[in-house]
Amino acid sequence: MTLAGATEFETPCGATAVVDAGFRMLEIAAWGNDPGAIEMLARTLALPPPLHPGRATGNDLMQLFPAAPRRWWLRSDHDVTPLPDIDGLAVTEMSDGQVCVRLHGDTARDWLAQYCPMDLRPRSFGTGQVAWTLFSELRVLLHCVDSNAFDMYLGSSFAEDIIAHCLTARTRTRT
Amino acid sequence: MTRRRRTGSGGQVDRRGAISFCFDKRRYQGLPGDTLASALLANGVTVVGRSVKYHRRRGIFSIGSEEPNALVRIGNDGQPNTRATMVPLIDGLEAWSQNRWPTLGFDVFAMLGALAPLLSTGFYYKTFMWPRRAWKAYEHVIRKVAGLGEPPVRADPDAYEHAFGHCDVMVVGCGPAGLSAARVAADAGADVWLVDESPWAGGWLNRERATIDSRTGSEWAAAEIAYLESLANVRVLLQTTAFGYYDHNLVALAQLPAAGSAGRQRLWRVRASRVILATGAIERPCVFAGNDLPGVMLAGAARAYVNQFGVRAGHRAVVFTNNDSAYRTAMDLHDAGVTVVAVVDCRTAADPGVEEEIRQRKIPILKEHVLVCAAGGSRLRHVRVRPAAGPAGRSSRLKCDLLAVSAGWSPAIHLHAQSGGASTYDEATASVIPADNRQATHLAGAVCGRFGLAHCLDDGARAGAAAAAKAGFSCQPPRAVARSRLPGDAGEVAPLWAVPDSASGTAFVDLQNDVTGGDVEQACLEGYESVEHLKRYTTLGMGTDQGKTSNINGLAILAGRRGRPIASIGTTTFRPPYTPVTMGAVAGPEVRERLEPVRRSPLHDVHAELAAEFDHNGLWLRPAYYPAAGESMRDAVERETRTVRTDCGIIDVSTLGKFEVQGPDAARFMERVYVNRLTRLASGRSRYGLMLREDGMIFDDGTVTRLDESRYFLTTSTSHAAHVHEQLDYFLEICCAGMEVAVTCVTEYWAAIAVAGPRAPAVLQAVGVDCSPRIEQLPFMAVTTGTVAGIPARLLRISFSGEWACEIYVPARQSTHVWNELRRHGALPYGLEAMDTLRIEKGFIGVGAEANGRTTPIDLGFARMTGKTERHIGQYGLQRVHRNAGNRLELVGLLADDPGAAMNQGAQLLATQGQRGFGSSIGHVSSAAYSPTLGRHVALALLAGGRSRTGDSVYVADPLRGSKRDLRASVCAPCFYDPDGTRLQP
Amino acid sequence: MHLIECPWCGPRAQVEFTYHCDSEGLPRDWESEHETELHERMLNRTNAIGFHVELWNHAGGCGSWLLIDRHNRTHDIRSVAYACNGRSGGK
């Protein structure tokens, strides 16, 4: 399957899915315990504080996902200028390895609940929150974009399988 | 049938509608709102199945999921053992009876009933043991006679799905207590799930003539459920069984699709902050002769069929009871036009209120009387009663076709017990009731042994408020509790488990398993005194109903026999599922091609266009070989192998695990992780590396490349990548705490193509490689960056084929262009099979084959890699293993005397020909291939003390694959091609 | 199925976690560990009924290494904490 740009289709539950492969993604890992490094990076990139675990922060250019201790993902739809070299941070290029599936619609949350064991109720996982979790058996990064839209980042090698089996499966019951 | 079974009015069926259905090929009519059971009763069908052991005729016994008798198969070759009481009737429904041959009316095996005295408990254990080998013959016949239903022949046509749920309060049971609890919790703002196994909300409110707040019970329930469904924070799931209560408040639900819809059965795993069990109680019968005849029914069921479905289960009824609730059966049957012959009550007095109701209806009450036996054939004809204290012989006959029996109510504590909750025997209700909870559970209503309707409503409200409060919601002061009325609902009973002197071969305790009171006594006599032993020896409480109506009677009889109080006997363990769940729902959608996720390389489409044959490698789909038109697998693999040896081949190795290790302590970390010495590895150089486990065995092999002072790039085997990641992570966190290192998995980012063969440098030049030094001058095991066909790339001079080779790493989405350019300039693709052949020719180890988790680097000939003094993973283990090494299996090569004879992976090695038996194996073939380069078969093997046997002969035995003669082969060094490695760096 | 309160992610289902080993199997100080200590912790464990501190990895979540104090019969969990020297802690 070739995923150039964004492919849009309707999912079995009625929500819309947009599969996007055209973005930059960087993984940033701190090798020390210095919490200052990432804050310095965020300041340099003009990302609005605070950096709060499990909550995305972003501006027009990019989004920073603090979804694991001392590890962040930085997504941008534009070409980010070379990141400032900050001591203590390992920056790794991930763009080609990730696909983003955006699900939106009233049923998006229920559909995700067929595959994700985590509590997705707005109270526990509301707008702006990000989390690593399981989708089917696959570890994915989930980002609640707004009340009924989710971005799901998954490894490119799994994308075709997930799309074939979960996003375009036959009609399912709705509750 | 002269008189109508269906009443003229009443109940919750739609009398304007009509539904046609089939039972055992005969066509019947039912009404919307019926279950299959109520529709069968309405049509006067009394016999619905044959019993499991004696093939006795059985009728509908209950109204719910506790049904032991009415098990049917839905659809031809459909799901067996479906309880007719739980199937909502839909147009065109086809149901079939079970356990009969050839027909329900005439069953060949019914003669077994006459043999009952011979078929005593433990019959199979005792009879079919000798001679032991004849069991196979017995089994064939026994399987036809015994067993419940038949499994379908075809694959399951239904589809299933799984889902996860989360809520604050889960209410199990939609009766008065559950509805009342759900309302209070929902009004407090909690997320409430309300589930019930029945298709209709209301539970017993639909089945009794109760009033709540001057409405009928079913109207009240309908209004409550409508209100709850209107709330955004409430989810009501009907036809949904909470079948398991697991650790940490996880409740498993099996949700059936709406009857007749094309929906799927769904298995939910719901995590609830609090769980309210309002699971009610199950009525139990009494043990007396003939208590299994069609027409003998639980008293509650008899009135429920009248009240909910407008169905008279008989025309002349006798009610036999030890408690007040059955008086309602007499009242409701009478009012629906059934002649109630008598109420037989073993007690001296009943509640004056219900007694008065019966007297007003001029129904005789036989107090202090018991029922001695029921008689009949395909339907009940009469019963015999006698004074409870009177002599055994004297009894009088009452003609009837329906016997409604109640020996009290057993709280449905199954889920409570599954959750780890304790239980205790309660004398007042003669039942096992819940004691302490173990999880965040609340109990409400009849499940607690408090049976009154007012109690249930009260209890529910209290539990709802408590659960909501515990879940963090402040509750409004409870609503004024509804005023309700249901006569005779106090719940006290005078224990009566079995009618004395009525025990005979037909006084059944467990209807589903044909276990009689006599069987229980005999088992006890033979020493099976514990309840768990009793269950296993007699099968009491097994089967699809798991003894819902029978367990307590069995316990009481056992207790009586042992002369001990029931409380001291205990119960059998309550295990999920509460009711049977079809395996398809448990398996869910992740079956067949979805069993595991499938990973595809970024070059997958290119391989598919080249008509590659794919193989699974770990989770990945990888090309095994690329057959040309008309080419066999062997021809293709030989051609591909020769291409690499003589020309230029390319293989997609994107599936390798890839990691970047960064940080000031990266070098120290690498030194600890790998067995080899890496400190002197210069920037821009690579090394083949082995990772060990702490016990000294090889964990994985791959390459380590130093990109700069504090940055490494690792590759691992495809199948082990996830494990290696976890191991690196574990080691960094637990064993190297304080090191400043970050490990990042970059498997998905990089595509990788290995270009191998004597013509590879030329092909690369033609494609256009811009790097320094020039690619053909890049030394073996060196790394550089540059561009290939204009794409930024990392180039690694490394070889797993033994030829000049280079691995090109490019960003995944740009790999197709590079691959196509290589192809355009003459490189030919090769797959896993050729790669394996090339590896075996060179004697390179394979993870899983030679590095099989039980071999050390020294075993496999890497002794020179080991021995560094710095502490590294596996150091002590390796020392320990080789301190007392003995005769370890060592890697060798094997050449059969007959070059055309194939040796198979897994074949055993013997010192002398024809040896067999334990201890004769001195090793095994670990990898084998036909080598087109050498024109003969070659193999790698793990041989005890192998290196010292070079030049010896061994025998290769492969009896499991049918080889008759052991092959003679000579032991050689494990490298068959270019042992000096001159081709790697010409 | 357990519910495990990950200090980073909050309560998550057990399927997201991988059991690694009992804390008896962990090195006290890996670098200076003696050979006999390694073999003791690897091979001689008590496995008594009761509460055990165990090493788990939130592999299907944030990736944290956690020490979970868990009863091996009742499955009660008393505490969950980041595993080693606070390495997994912090933002």
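Reader: Which hand does the crossing of α4(B) and α5(B) have, left-handed or right-handed?

Author: The crossing of α4(B) and α5(B) is left-handed, because the near helix is turned anticlockwise from the far one by less than a right angle (clockwise would be right-handed). Bear in mind that this is a predicted model, where local features need pLDDT of at least 70, side-chain atom pairs count only at pLDDT 80 or more, and totals for chains, interfaces and linings use all residues. Residues are numbered from 1 along each chain as its sequence is written, while chains are lettered from A and ligands numbered from 1 in the order in which they are written.

Reader: And how are α4(B) and α5(B) set, roughly parallel or roughly antiparallel?

Author: Helix α4 (residues 176–187) and helix α5 (residues 217–230) of chain B have axes that come within 10 Å and cross at roughly 30°. So α4(B) counts as roughly parallel to α5(B), a label for angles under 35 degrees.

Reader: Which residues meet there?

Author: From α4(B) come Leu179(B), Ala182(B), Arg183(B) and Ala186(B), and they meet Ala221(B), Glu224(B), Ile225(B) and Leu228(B) of α5(B). Being in contact means having C-beta atoms, placed from the backbone, within 7 Å.

Reader: What residues does the contact of chain A with chain B take?

Author: That one takes 32 residues from chain A and 32 residues from chain B. On the side of chain A that touches chain B, α3(A) gives the most, with 6 residues.

Reader: How many residues make up the contact between chain C and chain A?

Author: Chain C puts in 17 residues and chain A 16 residues.

How values were computed: Two residues are in contact if their C-beta atoms, placed from the backbone, lie within 7 Å. Helices (H or I, at least four residues) and strands (E, at least two) are DSSP runs, numbered from the N terminus. Axes are lines fitted to C-alpha atoms, for helices over the stretch in contact, and angles run from 0 to 180 degrees between N-to-C directions. Angles under 35 degrees count as roughly parallel, over 145 as roughly antiparallel, 65 to 115 as roughly perpendicular and the rest as oblique.
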